[in-house]
Amino acid sequence: MSGFIKDLSQPQSEALNQFKEYLNKKETIVQIKSDIKNKLPTITTTITTTTTTNTETETESSSKEEGKQLKIWNINLENDSKERDIILLKFLRAREFKVENSKQMLIDSLIWRKQNQVDDYEKIANEVFPDYYKNIGTIFKTDKEGRPVMINHYHAINPDVIFKDGVDQFVRWKVQQMEIAIRDTLIPSQWEIEDLIVIHDYKDCSFFRMDPRIKQASNQTIQTLQNNYPEFLARKFFINIPWLMEKLFSIFTVFTSERTKSKFIICSGNYREKLLKYIEADSIAPKLSGFEDNQSPILNIKIKPQKSHSIQLGKLDADKTIEWEFCTNEIDSEIGAKILIESNNQPTTSDDILYFNNNNNNNNNNNNNNNNNNNNSPTPSNSNYPFNCFLSIEPREFNSGSIQIEDDSYYTLVFNNHLNNQCDLFYRITIKSKTTHSSTTTSTIETLGN
């Protein structure tokens with residue numbers, strides 16, 4: 001059995017009941033609070049007002065703490081609840097359902113949270129870290145199950161900058177990320193969502209010449225999270241690692257438990273294929289070949305096999321630029337597109353759009369700053385249709401680019417599904433003005449289906 005609340009064996013249920021009975025005793029709660037108090041340093045806090053100065057001793061402060069309910073992640077540990085069961089099971093799974101070890105782990109974590117003021121959510125959530133931390137990691141949207149996706153870009157770490165004051169600040173930042181993910185997603189779900197997806201990006205990193213400060217920060221972070229955030233990992237992706245490291249990964253994880261290693265997904269090659277099994281195409285981060293994170297909506301359509309889908313972009317003048325981003329939600333299901341220009345300066349109807357073979361030979365040059373395509377020349381005019389092909393966009397796993405309008409006319413974008421299965425397509429098409437930089441998205445442009 002998995003050890004989750006809806007999948008417990010009889011021994012696991014018995015262990016949970018023992019843990020609950022332990023916490024349901026008043027003397028247990030008193031003892032835990034006393035343990036926490038004894039582990040805290042003696043602190044004298046001076047509070048100054050305009051008229052008086054008061055000194056609050058550590059003893060007085062501790063008395064106030066003893067009167068508070070024992071909580072973790074906003075869950076009252078003194079009262080029986082489903083949410084408390086979920087948290088207790090995390091500590092039990094982390095200690096292989098050894099009740100005494102799980103109890104001690106919980107107490108140690110409560111002490112750590114108090115010592116480091118982690119249980120004060122407003123304090124830790126509002127702590128400000130240097131701007132360069134934004135380049136090395138973020139929490140970006142959620143996976144298909146609603147779990148937060150935490151991304152770490154190790155190639156962006158400059159040790160002389162990130163660790164100029166030691167590694168403690170980095171670890172504190174990772175703790176802040178965990179607390180924000182828990183408060184923003186897991187708690188509102190009433191713990192129906194109880195773990196995270198983690199992606200480690202090792203692009204251009206050398207495992208054999210890694211700065212010792214990075215190793216120290218990594219080890220300290222792992223230790224901190226393992227001890228105080230048990231069973232919060234659903235899946236961990238290691239992407240952009242050298243193929244040799246994939247072969248040697250078992251050596252590097254020799255001391256990692258089989259339960260933890262079962263959550264690891266190693267990607268030395270096409271990581272996008274593996275990400276799509278867990279994350280929707282419109283939720284993959286921009287740095288991992290995903291949609292840019294802006295306010296323009298990402299739209300979704302389903303295109304039948306061997307069919308096309310057209311989007312009228314309207315009448316555009318030479319001041320405008322067409323920008324696009326699109327991809328499919330399936331593995332090995334890349335599709336292409338064409339941008340058509342009406343030859344008679346009249347808007348195209350849906351009946352005018354026929355299926356285009358995306359492998360047409362292209363022969364005319366056309367300047368284009370599409371950052372994904374190798375062949376961007378327009379298709380020759382076809383007298384059978386009232387339009388010419390302004391641009392052919394080759395199939396890619398993720399397609400993004402832009403092109404400047406050359407002639408005032410009506411334009412249409414056509415997605416071509418040349419596959420033998422239905423295509424689930426995500427896209428964003430934006431029309432921007434060169435002079436004003438204002439934009440109109442396809443949410444305000446009529447979309448035609450076939």
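Is tryptophan 73 buried or exposed? Tryptophan 73 counts as buried, because its relative accessibility is 2% and buried means under 20% relative accessible area. The model discussed here is predicted.

**The chain overall**

The chain contains 12 helices and 19 strands. Of its 450 residues, 47% are buried. Taking contacts in the chain between residues at least 6 apart in sequence, 75% join residues at least 24 apart.

**Helix 5 and what covers it**

Helix 5 runs over residues 99-115. It has 17 residues and spans 24 Å from its first C-alpha to its last, close to the 24 Å expected at 1.5 Å a residue. Its buried residues are Val99, Ser102, Lys103, Met105, Leu106, Ile107, Ser109, Leu110, Ile111, Trp112 and Arg113. The cover over these buried residues includes helix 1 (10-24), helix 2, strand 3 (71-72), helix 4 (82-94), helix 8 (168-186) and helix 9 (212-228). Glutamine 117 follows helix 5 and has a positive phi, near 55°.

**Helix pairs**

Two packed helices are described by the angle between their axes and the distance between the axes.

| Pair | Angle between axes | Axis distance |
|---|---|---|
| Helix 2 and helix 5 | about 45° | 9 Å |
| Helix 1 and helix 2 | roughly 75° | within 5 Å |
| Helix 5 and helix 9 | about 120° | 9 Å |

Helix 2 (residues 26-39) packs against helix 5 at an angle of about 45°. That makes helix 2 oblique to helix 5. The crossing of helix 2 past helix 5 is right-handed. On the helix 2 side the contact is made by Ile32, Asp35, Ile36 and Lys39, and on the helix 5 side by Ile107, Leu110, Ile111, Lys114 and Gln115. By class, this contact of helix 2 with helix 5 holds 5 nonpolar, 1 polar and 3 charged residues. Ile107, Leu110 and Ile111 of helix 5 take part in this contact and are also among the buried residues of that helix.

What is the spacing behind such a pattern? An α-helix has 3.6 residues a turn, so residues three or four places apart point the same way.

The axes of helix 1 and helix 2 cross at roughly 75°. That makes helix 1 roughly perpendicular to helix 2. Here Tyr22, Leu23 and Asn24 of helix 1 meet Lys26, Thr28, Ile29 and Ile32 of helix 2. The contact of helix 1 with helix 2 divides into 4 nonpolar, 2 polar and 1 charged residues. Ile32 of helix 2 meets helix 1 and is also part of the contact with helix 5.

Helix 5 and helix 9 pack at an angle of about 120°. That makes helix 5 oblique to helix 9. Met105, Asp108, Ser109 and Trp112 of helix 5 meet Thr224, Gln226, Asn227 and Asn228 of helix 9. The residues of this contact of helix 5 with helix 9 are 2 nonpolar, 5 polar and 1 charged. Met105, Ser109 and Trp112 are listed among the buried residues of helix 5.

**Positive phi in loops**

Tryptophan 73 lies in the loop between strand 3 and strand 4 (75-76). Although tryptophan 73 is not a glycine, its phi is positive, about 50°.

Phenylalanine 97 sits in the loop between helix 4 and helix 5. Its phi is near 60°, a positive value in a residue other than glycine. Phenylalanine 97 is buried, with a relative accessible area of 18%.

Leucine 92 is in helix 4 and counts as buried at 0% relative accessibility. Leaving aside residues up to four places away in sequence, leucine 92 touches Ala15, Leu16, Phe19, Phe97, Val99 and Ser102. Leucine 92 and proline 230 are 138 residues apart along the chain, and their C-alpha atoms are separated by 8.9 Å.

Isoleucine 403 belongs to strand 15 (residues 399-404). It is buried, with a relative accessible area of 1%. Isoleucine 403 and isoleucine 322 are 81 residues apart in sequence and 5.5 Å apart in space, C-alpha to C-alpha.

Definitions and conventions: Residues are numbered from 1 along each chain as its sequence is written. This is a predicted model: local features need pLDDT of at least 70, side-chain atom pairs count only at pLDDT 80 or more; totals for chains, interfaces and linings use all residues. Side-chain values use heavy atoms; hydrogens and water are left out. Axes are lines fitted to C-alpha atoms, for helices over the stretch in contact, and angles run from 0 to 180 degrees between N-to-C directions. Helices (H or I, at least four residues) and strands (E, at least two) are DSSP runs, numbered from the N terminus. Angles under 35 degrees count as roughly parallel, over 145 as roughly antiparallel, 65 to 115 as roughly perpendicular and the rest as oblique. A crossing is left-handed if the near helix is turned anticlockwise from the far one by less than a right angle, and right-handed if clockwise. Contact means heavy atoms within 4.5 Å. Ala, Val, Leu, Ile, Met, Phe, Trp, Tyr, Cys and Pro count as nonpolar, Asp, Glu, Lys and Arg as charged, and the others, Gly among them, as polar. The expected span of a helix is 1.5 Å times one less than its number of residues. Buried means under 20% relative accessible area, exposed over 50%, partly exposed in between (1.4 Å probe, protein chains only).
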